[in-house]
Amino acid sequence: MPKNIPFFKPLKFNYLCCMLVCFFLWNCSEKDTYDENCNFLLNVGVNINLNLNLSQYNQLTFPSNPVYVPNEGNGGLIVNNTGTGYVAFDAADPNHTFSNCSVLNIMGIEGVCGCDETHKYSLFTGQPLQNPSLQCSLKPYRVERNGNVLYISN
């Protein structure tokens, strides 16, 4: 039995080293390249509370009724009740130079760029729809609900 002990110690050390190397390699992703290509939007501080009892935000109590909130983020915010929670995205098209026309229009559950109608995004996930050339998703913000108030921040 003592003959096996020296065999297991190097095995455990080699296993630990292998796991550590895999961990570092796994954390090095293509996200850095992705972020370099998504440079049309500024990192603007967002910290806003939406009271769902107010008439302009009341439709957020029902799923699939996105609301545009102006004067926040780059191009305003689009907030949506997904049925399982709330999401908030910057309303500016992340694949287009920011201008007045690059603010998304809400068309049902899609956000459509006013400059280029092929730039469409899901207002559930923020992912681009039907256009494989779009590299960037909508810029998300953190949403927390406390009673009838949504706290949106980054």
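Here is a walk through the model, one selection at a time.

**Before you click**

This is a predicted model, so local features are reported at pLDDT of at least 70 and side-chain atom pairs at pLDDT 80 or more, while totals for chains, interfaces and linings use all residues. Residues are numbered from 1 along each chain as its sequence is written, and side-chain values use heavy atoms, with hydrogens and water left out.

Color by pLDDT, the predictor's confidence in each residue from 0 to 100. The protein averages 84, and 77% of its residues reach 70 or more. Now select residues 22–34: pLDDT stays under 50 there, and the model has three contacts beyond four places in sequence for this stretch. (Contact means heavy atoms within 4.5 Å.) Where pLDDT is low, the predicted coordinates should not be read in detail.

**Stop 1: the main core**

Select Leu50, Leu60, Val69, Leu77, Val79 and Ile152. These have the most contacts inside the largest nonpolar core, which has 15 residues. A nonpolar core here is a set of buried Ala, Val, Leu, Ile, Met, Phe, Trp, Tyr and Cys residues joined through side-chain atoms within 4.5 Å. Buried means under 20% relative accessible area, exposed over 50%, and partly exposed in between (1.4 Å probe, protein chains only).

Next, show strand 1 (47–51), strand 2 (67–69), strand 3 (77–81), strand 4 (86–90) and strand 10 (149–153), the elements that give two or more residues to this core. Strands (E, at least two residues) and helices (H or I, at least four) are DSSP runs, numbered from the N terminus.

Zoom in on Ile152. Neighbours within four places aside, its contacts include Leu50, Leu77, Val79, Ala88 and Tyr141.

A second, separate core of eleven residues is next; select Val103, Leu104, Cys113 and Tyr121, which are among its members.

**Stop 2**

Pick Asn105 and you'll find its bridge partner, Val112, in strand 6. The two strands form a hairpin with two residues between them, and Gly108 in the turn has a positive phi of about 70°.

**Stop 2: the cysteines**

Select Cys38 and Cys136, which are joined with S to S at 1.9 Å. This link is left-handed, with -105° about the S-S bond. It connects distant parts of the chain: Cys38 is in the loop between helix 2 (31–37) and strand 1, and Cys136 is in the loop between strand 8 and strand 9 (140–146), 98 residues apart. Cys136 is buried, at 2% relative accessibility.

Now select Cys101 and Cys115, with S to S at 1.7 Å. The torsion about their S-S bond is about 95°, so this disulfide is right-handed. Cys101 lies in the loop between strand 4 and strand 5 and Cys115 in the loop between strand 6 and strand 7 (120–122), so the pair ties together parts 14 residues apart in sequence. Cys101 is partly exposed at 35%, and Cys115 is partly exposed at 27%.

Cys113 is buried, with a relative accessible area of 1%.

**Stop 3: Asn74**

Finish at Asn74, in the loop between strand 2 and strand 3. Is Asn74 buried or exposed? Asn74 is buried, at 17% relative accessible area. Its side chain reaches the backbone oxygen of Leu42 at 3.0 Å. Beyond neighbours within four places in sequence, Asn74 has contacts including Leu41, Val44, Asp90, Phe98 and Tyr141.

How values were computed: Two strands pair if DSSP finds at least two bridges between them. A disulfide is a pair of cysteine sulfur atoms within 2.5 Å. A polar contact is a pair of N or O atoms within 3.5 Å; within protein, one must be able to donate a hydrogen and the other to accept it, and residues adjacent in sequence count only if both atoms are side-chain atoms.
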